[in-house]
Amino acid sequence: MLACLCTVLWHLPAVPALNRTGDPGPGPSIQKTYDLTRYLEHQLRSLAGTYLNYLGPPFNEPDFNPPRLGADTLPRATVNLEVWRSLNDKLRLTQNYEAYSHLLCYLRGLNRQAATAELRHSLAHFCTSLQGLLGSIAGVMATLGYPLPQPLPGTEPTWTPGPAHSDFLQKMDDFWLLKELQTWLWRSAKDFNRLKKKMQPPAAAVTLHLEAHGF
Amino acid sequence: MSVLQTWLVQALFIFLITGSIGVLLDPCGRINPESPVVQLGSNFTAVCVLKERCMDYFHVNANFIVWKMGHFTIPKEQYTIINRTAASVTLTDVTSLNIQLTCNILTFGQIEQNVYGITLISGLPPEKPKNLNCIVNEGKKMMCYWDPGRETYLETNFTLKSEWATEKFADCKTKRDTPTSCTVDYSPVYFVNMEVWVEAANALGKVTSDHINFDPVDKVKPNTPRNLSVSNSEELSSILKLTWINSNIKNVIRLKYDIQYRTKGASTWSQIPPEDTASTRSSFTVQDLKPFTEYVFRIRCMKEDGKGFWSDWSEEASGITYEDRPSNTPSFWYKIDPSHSHGHRSVQLMWKTLPPFEANGKILGYEVTLTRWKSRLQNYTVNDTKLTVNLTNDRYIVTLTARNAVGRSDASVLTIPACDFQATHPVMDLKAFPKDNMLWVEWTTPSKSPNKYILEWCVLSDKSPCIPDWQQEDGTVHHTYIRGYLAESKCYLITVTPVYADGPGSPVSIKAYLKQAPPSKGPTVRTKKVGKNEAVLEWDQLPVDVQNGFIRNYTIFYRTNIGNETAVNVDSSHTEYTLSSLTSDTLYMVRMAAYTDEGGKDGPEFTFTTPKFGEIEAIVVCLLSIPIDNSSGVLFCFNKNRDYSLFITCSSFLFRIKKHIWPNVPDPSKSHIAQWSPHTPPRHNFNPKDQMYSDGNFTDVSVVEIEANDKKSFPEDLKSLELFKKEKVSTEGHSSGIGGSSCMSSSRPSISSSDENESAQNTSSTVQYSTVVHSGYRHQVPSVQVFSRSESTQPLLDSEERPEDLQLVDNVDGGDGILPRQQYFKQNCSQQETSPDISHFERSNQVSSVNEEDFVRLKQQISGIPQSCGSGQMKMFQEVSAADAFGPDTEGQGERFKTAGMEAVLDEGMPKSYLPQTVRQGGYMPQ
């Protein structure tokens, strides 16, 4: 898993290159990251439907709501509202970055197990998109001058396919992975919307000024 | 390919060596480089290195090397001997794409032995690919395309490279058949910028395009909106609501739309303002549409910010707006039946169906109301577009409304004035002209401003009556075009009537052509009179059906048998022309062309011969040749005035001379009843040959030629001639000039004989006779269908009172019967007519006879004295022609004189049968 995480992070050596076409500030890239989370959320909705059908009942039943067993290693998106509000930009971005780094690793494991080519293809595309999201977040952090978090020894995800898990429990993990991913995408949309609003005012003022000038 | 060629060359070499030394050996040498690719236009150097073994065997060294390009030996100047075993060759400015280069040695007395061969490939390095762009068709993989630049003539590979800031994607290699585009192997991730570029590489180099950096979502071409449907609203007839289903991309990006519509059948699309459809939606209400109209819609979408590509157009969907009440009143007009009975009028009300854009629905019927002064309303419901009502002679107000399912139109109001209403205030300066394949009409508004105008038009033709079509124009309009089918080459009579609150104004008419053409027939020219040095030509106006345009002018072409043709232009208003300076006793051929604005058409050729002697000469000859029994005739003959009395006198004189030789025959014309009957079809001489028998040719003074154009059966003519002769014998000795007249009527007992005698007694001698005989009877227009013999003598009296009229009309008629009424129009074709009548077209029929009278008078005014003079001259010429036969050198005078008329005719190209034809038997035919 550490290798997985390292691989994910290894692919982000040239984050500042995201802004190689000029430096329009973090605004556009935050907006784009926000749009991407919405896009991924939309993508996941159809992917999850397909995957849960692949897992079969009871996982594909609408009111299936199992306890969160054995998924403790998954990064939790839910957080106390006050805590969430009090997060500073760096911490907010770092939590997002770390969460998706882990989730991506789990997801790739999921992909390896998927039986049908179509599902594998959908998962692969989702993984690519998630990789894109990580890159986007890294880009925003680079723009704002925050360093990327380094994976700490001992905190790496412990997802491993093997005989330790029964098939049902494995499916339960998959279920919770998708569910947590969805929650994270919701949260990220809120995070980036908040960041966007924080970063936008001056840009909006400039736009208004220009428009007024135009008239 | 090149490898294969090289291999073949080497194999050949080995085979040769094997053949020469009998052992399978390596090549005798090698060329370096072995597989060269060079740039077009550059220089290339190859080195051939010989092997020692071969050099020893063949006793050669590098000096013996010969380079060849295909079969062509490269000149020695391009060789360089490097050492004993190696020599190079340099090719400058390589322009061939594929060169076979061989190294050879000269052995054993100049025998060329091939050592080695290579294939030189040339081409160009790739150019930097330009205009790189990518498109993401929704749900599909990304495709990028570029402009590859110039042809390289070499195998050139294009590789599309793409990467994120954090990750490189797999290269996309172009397929051989699509070197200018490549579809990547992965689905693009929206909202993550990527960088894309193209590498072009061949044997001569590698070049990279500019990098483009974009978010794939900005390159999206969305899928087409589906299930477009259209629904209307009963509440609002001007709207249609469109609904559709957006593609899934709407969940990812915001969309804007392009909605176009057109009425069914129209070719151009109208567009909904883009600002109204600039955000994601799945329905739209289109406003400001016409009621009860079918519209066709289509829609496409793209990313809201305009980045990316428009989707394809959706399938078209159509819908019909709901009905609305008719928005305009129908065009409304009326026609009064001319044959009204006392105290009542039959009036046909007529209207036009509303065009769909004004009907605004299905017209279910029309409602007409009639109001007479102080009387109650009469209502009519009509489905047709006309209604005939019987009205008194009072003034009426008529209203018309059109009704559909929603409501009725405003009323169209017409005033039908009382019988004694005097129309006034016509339009002024009426003009009609073709433009853009339409016939435009324009006018100046009358001083009193009208409510509307009615335009009527019809084709003028001799073959069919004028059946007018019509259209209505608003009172503010002063130019418009005829909205009906118009044919080319047809003369249209267009009438514009202003319509005022109190009734129609005076109509004004004009003639026009949509497109003129050359006449379909040329005018038929004939001689009216032929003199020694001149000839008076005459012709009829062309019938309107063959004019095909406004006749602008005529050209007369005449020539002798041997001479050049002379052309004379004559104004279109003329119907005769005098050719002067002719040579006497010469055969002339003449023809005439009539021209419209579009060209001309020749008529048939006519031949005549000028006489040998002038008139005076002829008379002198005649006086010298004939025993004279009346001295007064001699005196007149020497009078040089070419007036009527001279002619009469000479005529009388010659007539008397004739009677010595040729028995007098009664004038058949005076009692020729059958020919005057309106039941007898007018005799048109359509046969071109016959047409040459014009009046002028036959006016031989004597009675025999009067009806020259009336070619009755010959045997009867001959019988009449016999009668004529017999009568002459019986009356000889007591007949004078007037006696000739009485002779004619007394040749056979008749009902009218007493009248004729009376008229003969009342008229004074020869003057009446010759005048009457010439023109009087023929002009008489039959007014009743049955003639009595007594009426047949009326021309004598008439002519006595109005000799000029008769002569004029004789000219006009030209022996072709009564002139068609259209001749009147023809005379005035470029002028406008003003008729005070309400209904111009109806009136035309009623006044036809009046028009003819007008026409006669008009002709009088136009022609006037010259025409009567011409007529006299014509007779004189004929007389001279006859007199010519009395030449002193002629033998057998009596016999000669008998055929004089014939001779005169022959001179003018007439057939021998002319003389008998001229003897009219009509009046003598049993009735």
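So, chain B has 22 helices and 49 strands, where helices are DSSP runs of H or I with at least four residues and strands are DSSP runs of E with at least two, numbered from the N terminus. Before I go on: this is a predicted model, where local features need pLDDT of at least 70 and side-chain atom pairs count only at pLDDT 80 or more, while totals for chains, interfaces and linings use all residues. For bookkeeping, residues are numbered from 1 along each chain as its sequence is written, chains are lettered from A and ligands numbered from 1 in the order written, and side-chain values use heavy atoms, with hydrogens and water left out.

Staying with chain B: of its 927 residues, 52% are buried. Buried here is under 20% relative accessible area, exposed is over 50%, and partly exposed is in between, using a 1.4 Å probe and protein chains only. Take the contacts in chain B, meaning heavy atoms within 4.5 Å, between residues at least 6 apart in sequence: 69% of them join residues at least 24 apart. The chain exposes about 42,400 Å², and 51% of that comes from carbon and sulfur atoms; the areas are Shrake-Rupley values with a 1.4 Å probe, and for residues only the protein chains shown count as cover.

Now, how do chains A and B meet? The contact draws 21 residues from chain A and 19 residues from chain B. Together the two chains bury about 1,700 Å², with 62% of it on carbon and sulfur atoms. That buried area is the accessible area, again with a 1.4 Å probe, that the two parts lose on being put together, summed over both. On the chain B side, A165(B), T166(B) and F191(B) lose the most area to chain A, together 36% of what that side buries.

What about polar links across that interface? There are four residue pairs in polar contact between chain B and chain A, both residues at pLDDT 80 or more. A polar contact is a pair of N or O atoms within 3.5 Å; within protein, one must be able to donate a hydrogen and the other to accept it, and residues adjacent in sequence count only if both atoms are side-chain atoms. There is also one salt bridge between the two chains, that is, a side-chain nitrogen of Lys or Arg within 4 Å of a carboxyl oxygen of Asp or Glu.

Which residues make that bridge? K32(A) pairs with D215(B), with the closest N and O atoms 2.6 Å apart. Over all chains, the structure holds 37 salt bridges. This cross-chain pair runs from K32(A) in helix α2 (residues 26–55) of chain A to D215(B) in the loop between β17 (212–214) and β18 (220–221) of chain B. K32(A) is partly exposed at 22% relative accessibility, whereas D215(B) is buried at 2%.

Two more bridges to look at. In chain A, R187(A) and D191(A) meet at 3.2 Å, N to O. They sit four residues apart in helix α6 (residues 167–214), so about one helical turn separates them, and R187(A) and D191(A) are both buried. In chain B, K448(B) and D502(B) form a salt bridge at 3.4 Å, N to O. K448(B) is in the loop between β34 (438–444) and β35 (452–460), and D502(B) is in the loop between β38 (491–500) and β39 (503–504), so the pair ties together parts 54 residues apart in sequence. K448(B) is partly exposed at 30%, and D502(B) is partly exposed at 29%. Chain B also has a salt-bridge network linking R559(B), E565(B), R591(B), D602(B) and E605(B).

Last, some backbone details. A cis peptide bond joins P57(A) and P58(A), with omega about 5°; P58(A) is in the loop between α2 and α3 (81–86) of chain A. Over in chain B, N32(B) and P33(B) are also joined by a cis peptide bond, with omega about -5°, and P33(B) falls in the loop between β1 (29–32) and β2 (37–39).

Where do we find positive phi without a glycine? N131(B) has a phi of about 50° and is not a glycine; N131(B) is in strand β10 (residues 130–137) and is exposed at 61% relative accessibility. Y153(B), not a glycine either, has a positive phi of about 65°, in the loop between β11 (142–147) and β12 (157–163).
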